[in-house]
Amino acid sequence: MGQCVTKCKNPTSSLGSKSDAGKSHGKKGGTGGAPKEEVAKSSVDVIFNGTKVPEVTVEGSVAPTLSALDVRRDQATQDGDGVSLARIHDMFSRYKDEHEDAILEEGMERFCNDLCVDPAEFRVLVLAWKFQAATMCKFTRREFVDGCKAIQADSIPGICSRFSVLLEESRGEESFKDLYRFTFQFGLDAEQGQRSLQRSIAIALWRLVFTLDSPPVLERWLDFLSDNPCAVRGISRDTWNMFLNFTQSIGQDLSNYSEDEAWPSLFDSFVEWETERRRRERVHEGFETDPPVDCEASSMWPGP
């Protein structure tokens, strides 16, 4: 997404199997002299999805066969929901990598370009969520096909037409919670066995996932993470998930925050940092003064 926020990986996956060709033997016959080989004629009844196709007469010694691709196209012209699986597979093939049965970074850029979207924008994250993509900058064939079936689209215009519906769906409370939790897993480098997000990745993903409805405290939270690079090296799943609860239950002024509740310790540090920042801001604006100096205790004043 964009520069895909993190490095793209390209594990392999396998595709389909080839169908075996059927064979039929020619007939021999004749009287007197050397036997002649006659061209055999046979009628073939093709049974397809329980329906008998009109008989086909074939000349030659080999019975007709359908290639694996033809079978797949015919059997899956449309699934039960009315989308063409053949069209989905064709669309996938236009963007797939030359060596892997997956759409990787280069193909993803072309895919997004055809959709007229920026790879780093929220709509692409929502699409990845509906495709249940396991890795950034990558759609496997299964993810792509199942995702297109889920959103009921089998073409570029079809996907574009679904964006407004998908964005509205993502606003729902339960849907957004699912999208939010998906985003954490999506940002991990699964091949490296990551269990927490890099700080910079987490910041980018927080900005992205809250594109439509940004909580008031978000920018201050991200500033806190940016200003404390040594103290905040990574974001755990628990911290990521709890931050959504934090934005929903803690007021904008943080006055109802309690350290006695089971918040991650990073939230305690943030509230202290934000409280001090606001105090300094009020002093600067003249609404508050620094505490007076205790003259008697100061060594600058002589004793009695």
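1. The lining of the largest pocket splits into 7 nonpolar, 4 polar and 4 charged residues. Here Ala, Val, Leu, Ile, Met, Phe, Trp, Tyr, Cys and Pro count as nonpolar, Asp, Glu, Lys and Arg as charged, and the others, Gly among them, as polar.

2. This is a predicted model: local features need pLDDT of at least 70, side-chain atom pairs count only at pLDDT 80 or more, and totals for chains, interfaces and linings use all residues. Residues are numbered from 1 along each chain as its sequence is written, and side-chain values use heavy atoms, with hydrogens and water left out.

3. The largest pocket has a volume of about 240 Å³. Of its 15 lining residues, Arg171, Phe176, Phe210, Asp213 and Gln248 lie nearest the centre. Helix H7 (173-187) and helix H10 (237-249) are the elements giving two or more residues to this lining. A pocket is an open set of points on a 1 Å grid over the protein atoms alone, where a 1.4 Å probe fits, with protein on both sides within 12 Å along at least five of seven lines; lining residues have an atom within 4 Å of a point.

4. Helix H9 (residues 218-227) and helix H11 (residues 265-284) have axes that come within 10 Å and cross at roughly 100°. H9 is therefore roughly perpendicular to H11 (65 to 115 degrees). The H9-H11 contact residues comprise 7 nonpolar, 1 polar and 5 charged.

5. The chain has 11 helices and 8 strands (DSSP runs: helices H or I, at least four residues; strands E, at least two). Buried residues (under 20% relative accessible area, 1.4 Å probe, protein chains only) make up 37% of its 304 residues.

Key: Axes fitted to C-alpha atoms, helices over the stretch in contact; angles between N-to-C directions. Parallel < 35°, antiparallel > 145°, perpendicular 65-115°, else oblique. Points joined across faces, edges and corners; volume = space filled by probe spheres on them. Buried < 20%, exposed > 50% of the residue type's maximum accessible area, 1.4 Å probe, protein only.
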